[in-house]
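Please examine the structure below before reading the notes.

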Amino acid sequence: MKRSIRLCFCFILPAIVCLSASAARKVPIAFDKFHGYTETVEYLKAVNKAYPDITELLEIGKSFQQRPIYVLVLTNRKTGTTLDREKKLVYERKLEVPEPPLTPLHTGKAGHMLTGATHGNEQTGTEVCLYFIDKMVSAYGDDAGITALTDTKVFYICPANNPDGLYNTVDLGAPQRSNSMYQTDTAAAPQRRDLNGDRLFSQIRYKSPDGRYVKDPVDPRLMVFWHEGTEYPDPQRYNVESEAQPDRGIDINRNFPQAWWNLNTTMPGGSGEYPTSAPEVHALCEFIINHPNIIMVNEYHTQGGHVYRPMGSTGDAEMESRDIAVYDLIMGKKYVELMETEMPETWKNPKTIPHSKDELKNDSNPFAARRGYKLPYEWRVPYNEAEGRSAYYGLFLDWLYKQCGIYSIVTELWNPAHDIPELKGLKDAELQRAILTWLDNRGLKYYLDWQAAKHPKYGDVEVGGWVGTIGRNNAFPGTVLEGICERQWQFDFYRSTLMPQIAINSVDVKKQSAGNTTVLEISAEIENTGALPTGLSRTEWMAFNRGDVVWLTGSENSKVIFLSGKPCEKIDNLYGNMQIPGFENRGGNKKTVKWTVAVENREKIKIIASSLKGGTVVKEVKY
């Protein structure tokens, strides 16, 4: 019985076009190639130097091989405030204990974080990060929407979560998914042998009676998986490996604290000896925890052409229904629109969801039955809903949502059957043969003819196949890559417009004076002018969630006597001005806070409205 043929392939990405730099750009960048770790760092430093008023470059840690992990902070550095700048500590420290430094201004704004190259051989995500930076900084001051977001929000962009993997993949040409913690020889990086002297690390194949591959019967240049019982024109079996042995290490996206599981700590792709044992993961976790203003994260991976939303370890079982509605019926709907693919009917008209639940109540997928719809290919969860199981543990995605209360997603950026018009609709072996033909038709010689060579371990081998610099996971540079970057830019910019924004709308004051004392009746309306609530539904159950607060305070050492109301009033999380399908805006997006206070000597007083994820604003009380 014949079975379907699967190909062993490792795409190399051609340089197709060089994008012209806009005259307005202070730091031109083109997307006709992959920049790797070294050029990415050079670009970040150049952008920070050229745009000092709207960027700051932070080193948040170092990789196992001591390469810095950088985050570019993108925001108007002259706008915003933080609670600790406006309100002195209630209990100041003793003189011998230094006061803590003030939190950065940007932590008083709602934050969106973008990350790339968690897997070092998936550097398309690095390029999407650089594209986002370029769009934002080059249009600041000219584009009203970009300028407004930069002034009122903050973006944290980490193009290289895994510096060692990215460096080895692009700068050295040896594909590496993991970090470098479990090298064969800890004193030096593994040997990378250029067996045929072409300065490229492609593939090697060698004959083996137990080999997993045979030559493709249609295009014998390609290697396909061998299946027992399938007849092949050439039955010779082969092993196929990378010409360059990559560093062995931890799969960074299996080392986060949520649902961590010790998969295998001594093999490539292992999850580490304990959560955050990878220095790259430790740095990311520390940064996220120290920036509770972050409400959005997009972690760029490849390939697939779809988005994962939480949860990978449990599916919807440990998610709040309102958060699911935001993910699917707002964010997911937008993403599917941008992909221009088929959308669930219930997403078009959420009012039909109750009827759809009845229709799905006997469906084999219990999660779909509870939601009232099945997720489309382009918007999904890592959890296997049909079988009720997961193979994903220790995910960044899950940790961000479950333990940090963040709208986290993973975008699998690249799908040749979607992103190249000539290949649309093709699948499996037919698609892979078409990819090679597509490259051939453009004269792009990135699949090498097989040549005889000697290997120190395997003896007689052949070198050739797909050049390994890029790997099978990445989009072709030039027009294809630029198209993916632009689509992703549109999606992440849209997500940024959904972030909450706390505001003090109006302050009404009634006063009575008697000598040096003034009695004030103060009423302030606090509003969330953003689209989404100031916190996820998930955060309402989290220990660190303080909710939104409003302070009434005077200057240092002032005397403000509260006759009614308290110095700090909790108003919980405020809804936004966007209707979440299936959920009423309980309490609305506005709340009024009232105080009666007695002040002396025309004391200056102010109102501070502060939200962990909706920003901090201040307004002086005039009387």
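A residue counts as buried under 20% relative accessible area, as exposed over 50% and as partly exposed in between, with a 1.4 Å probe and protein chains only. The model is predicted, so local features need pLDDT of at least 70 and side-chain atom pairs pLDDT 80 or more, while totals for chains, interfaces and linings use all residues. Residues are numbered from 1 along each chain as its sequence is written, and side-chain values use heavy atoms, leaving out hydrogens and water.

**Ser-277**
- Ser-277 is buried because its relative accessibility is 12%.
- Ser-277 lies in the loop between strand 9 (238–242) and helix 6 (279–289); helices (H or I, at least four residues) and strands (E, at least two) are DSSP runs, numbered from the N terminus.
- Leaving aside residues up to four places away in sequence, Ser-277 touches Met-181, Ile-250, Asn-255 and Gly-272, where contact means heavy atoms within 4.5 Å.
- A polar atom of the Ser-277 side chain is 2.9 Å from the backbone oxygen of Tyr-274.

**Helices 1 and 5**
- The axes of helix 1 (residues 36–50) and helix 5 (residues 163–171) come within 6 Å and cross at roughly 110 degrees; axes are lines fitted to C-alpha atoms, for helices over the stretch in contact, with angles from 0 to 180 degrees between N-to-C directions.
- Gly-36, Tyr-37 and Thr-38 of helix 1 meet Pro-163, Leu-166, Tyr-167, Val-170 and Asp-171 of helix 5.

**Sheet**
- Four strands form an open sheet in the order 16-17-21-19, with antiparallel pairing; two strands pair if DSSP finds at least two bridges between them.
- Strand 16 is joined to strand 17 (residues 517–528) by 12 bridges.

Conventions. A polar contact is a pair of N or O atoms within 3.5 Å; within protein, one must be able to donate a hydrogen and the other to accept it, and residues adjacent in sequence count only if both atoms are side-chain atoms.
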